[in-house]
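The sequence and structure come first.

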Amino acid sequence: MGVTTAGDSTGGACVFRRHVLYIPGYDPFPPRRYRELYRTEGAAQAAISGHAIALKPREGATYGWTVAARVEGRAVETEVEVLVWSDLVKGSMGRGIIGTYGQMLRTAWLYIGSGALRRLIRLRKGPMIAALYPVVALVLQAVLALLVAGLVLWLGWGLPWGLGWLLAAGGAWAVLEGFRRLDHRLFVYYLMHDYAFTTVQGGAYPAVLEERLRAFGARVRAALGSGVDEVLVVGHSSGVHLGVSVLAELIREGVRGTPALGFLSLGQAVPMVSFLPGAARLRGDLAFLSQRDELTWVDVTAPGDGCSFALCDPVAVSGVATEGQRWPLILSAAFTQTLSPERWAALRRRYFRLHFQYLCAFDRPGGYDYFRITAGPLTLAERFRGRKASSSRIATPLSPFKDVA
């Protein structure tokens with residue numbers, strides 16, 4: 001079977017070849033989780049939409065898999081590579097109970113003191129409820145621990161003074177430790193670590209993450225030289241703003257016109273970073289990338305996803321849009337329309353699961369289909385050519401900081 005030349009995505013019997021580089025969000029789990037998600041959800045979407053999708057291990061030192069597919073009547077081969085930073089995430093989550101409460105105080109002070117919190121609430125209430133959840137939960141856990149300590153002191157009235165206070169402290173610590181051990185269900189510590197990692201440099205990238213972003217850029221450049229028809233960078237959640245900076249730096253260094261370069265951003269929460277005082281680098285990258293014709297940038301969110309800034313143009317709301325803005329194209333995954341009523345009813349209260357729906361099968365796929373995009377025979381530019389932005393697009397510039405670097 002023949003192979004197309006780079007940039008040739010016309011019809012015929014040739015195999016369309018793509019390299020996908022996936023940037024996860026703040027996720028401590030190993031990358032094989034994403035392979036299994038693609039395998040199971042790809043099979044589900046194939047059964048619904050009539051695709052043929054098969055996975056096999058990917059050769060090479062980097063983690064990923066190969067997709068052999070027949071979509072829309074054409075053979076496609078996609079190399080999927082996961083750009084791993086889960087080790088950095090794990091390293092940032094090593095703080096204990098006291099350290100996490102310290103993170104809570106520092107993070108809350110930055111968002112409140114900078115004026116970002118008030119602006120973010122005006123922009124979208126859903127993700128800010130998600131952001132306030134770990135703060136409120138940690139405060140309530142501390143209150144309960146203090147109540148338990150008070151109860152122990154009251155019950156132990158008459159005991160030697162030192163012993164009573166020791167038992168009270170032990171009771172309080174047992175409550176806090178119990179909640180920490182339940183965090184795989186509550187996600188309080190996980191979310192607190194996530195927001196704290198974003199704010200550790202006031203919105204700027206920590207040095208260790210800057211180094212990783214340079215490595216990501218090298219992987220994208222290698223893909224661009226591999227002879228494929230399209231290189232597609234996919235950023236999800238916190239991976240979106242990382243993808244913005246990786247691609248902005250890559251284009252500044254210079255890229256050729258072939259192969260086609262696409263950026264698919266999913267479930268973004270860019271304003272949580274770009275509204276902070278130290279995020280001048282990110283704001284500059286947003287402004288730069290939004291004007292470039294070297295790539296196609298499509299941003300997909302959904303109002304049903306309470307963890308994303310749904311339909312918010314990350315460039316415009318950050319106050320760095322220019323007259324030359326071309327990207328991103330803001331689209332809605334419209335969960336209430338693309339999921340059946342039964343499935344929507346089952347998922348609508350599962351907030352973290354919904355945040356991953358962009359990577360999953362839709363039983364009523366509309367204009368957005370993750371598997372047509374990543375395993376189909378059209379480039380991102382071709383698939384969305386002529387599409388208009390969602391009429392509900394939010395572009396009001398609300399960031400309290402607009403300086404760029």
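## Helix 8

The model is predicted. In helix 8, the buried residues are Val 188, Tyr 189, Leu 191, Met 192, His 193, Asp 194, Tyr 195, Ala 196, Phe 197, Thr 198 and Thr 199. That makes eleven of its twelve residues buried, so helix 8 is largely enclosed by the rest of the structure.

The length of the helix can be checked against its residue count. Helix 8 runs over residues 188–199, and at 1.5 Å a residue its twelve residues should span 16 Å. The C-alpha atoms at its ends are 17 Å apart, which agrees with that expectation.

## Largest pocket

The largest pocket has a volume of about 1100 Å³. Its lining comprises 46 residues, and those nearest the pocket centre are Phe 187, Tyr 190, Leu 191, Cys 307 and Phe 352. By class, the lining residues of this pocket divide into 26 nonpolar, eleven polar and nine charged.

Which helix supplies the largest share of the lining of the largest pocket? Helix 8 does, with seven residues. At least two lining residues each come from helix 1, helix 5 (125–155), helix 7 (183–186), helix 8, helix 11 (271–274) and helix 16.

## Second largest pocket

The second largest pocket has a volume of about 280 Å³. It is lined by 21 residues, of which Gly 257, Pro 259, Ala 260, Leu 261 and Glu 294 are the closest to its centre. Strand 6 and helix 18 (380–383) each provide at least two residues of this lining. The lining of the second largest pocket is made up of eight nonpolar, seven polar and six charged residues.

## Cavities

The count of cavities of 30 Å³ or more is three. The largest cavity has a volume of about 100 Å³. Of the 14 residues that line the largest cavity, Phe 197, Thr 198, Tyr 205, Leu 209 and His 241 lie nearest its centre. Two of these, Phe 197 and Thr 198, are among the buried residues of helix 8. Helix 8 gives the largest share of the lining of the largest cavity, three residues; helix 8 and helix 10 (239–253) each supply at least two. The lining of the largest cavity divides into nine nonpolar residues, four polar and one charged.

The second largest cavity has a volume of about 80 Å³. Its lining consists of Tyr 22, Tyr 34, Leu 37, Tyr 38, Trp 65, Val 80, Leu 359 and Tyr 370. These eight lining residues are nonpolar, with no polar and no charged residues. Helix 1 (residues 32–49) gives the most to the lining of the second largest cavity, with three residues.

## Aromatic pairs and cluster

The whole structure holds 16 aromatic pairs. One of them joins Phe 263 and Trp 297 in a tilted arrangement, 5.4 Å centre to centre with 35° between the planes. This pair links distant parts of the chain, 34 residues apart: Phe 263 is in strand 6 (residues 260–266) and Trp 297 in strand 7 (residues 296–301). Phe 263 is buried, because its relative accessible area of 0% falls under the 20% cut-off. Trp 297 also has a relative accessible area of 0% and is buried.

Another tilted pair is formed by Phe 335 and Tyr 358, with 5.5 Å centre to centre and 50° between the planes. Here too the pair links distant parts of the chain, 23 residues apart, with Phe 335 in helix 14 (residues 335–338) and Tyr 358 in the loop between helix 16 (351–355) and helix 17 (370–375). Both residues of this pair, Phe 335 and Tyr 358, are buried.

One aromatic cluster is formed by Tyr 26, Trp 85, Phe 187, Tyr 190, Phe 197 and Phe 352. Among these, Phe 187, Tyr 190 and Phe 352 also lie with the residues nearest the centre of the largest pocket, and Phe 197 is listed with those nearest the centre of the largest cavity.

## Charges over rings

Two arginine contacts with aromatic rings follow. Arg 33 lies over the face of Phe 356, at 5.0 Å from the ring centre. Arg 252 places its charged end over the ring of Phe 288, 4.6 Å from the centre of that ring.

Terms used:
Residues are numbered from 1 along each chain as its sequence is written. This is a predicted model: local features need pLDDT of at least 70, side-chain atom pairs count only at pLDDT 80 or more; totals for chains, interfaces and linings use all residues. Side-chain values use heavy atoms; hydrogens and water are left out. Helices (H or I, at least four residues) and strands (E, at least two) are DSSP runs, numbered from the N terminus. The expected span of a helix is 1.5 Å times one less than its number of residues. Buried means under 20% relative accessible area, exposed over 50%, partly exposed in between (1.4 Å probe, protein chains only). On a 1 Å grid over the protein atoms alone, a cavity is a set of points where a 1.4 Å probe fits but cannot get out, and a pocket is an open set with protein on both sides within 12 Å along at least five of seven lines; lining residues have an atom within 4 Å of a point. Grid points are joined across faces, edges and corners, and a volume is the space filled by probe spheres set on the points. Ala, Val, Leu, Ile, Met, Phe, Trp, Tyr, Cys and Pro count as nonpolar, Asp, Glu, Lys and Arg as charged, and the others, Gly among them, as polar. Rings of Phe, Tyr and Trp (its six-membered ring) pair if their centres lie within 6.5 Å; planes under 30 degrees apart count as stacked, over 60 as edge-to-face and the rest as tilted. A charge sits over a ring if NZ of Lys or CZ of Arg is within 6 Å of the ring centre and within 35 degrees of the ring normal.
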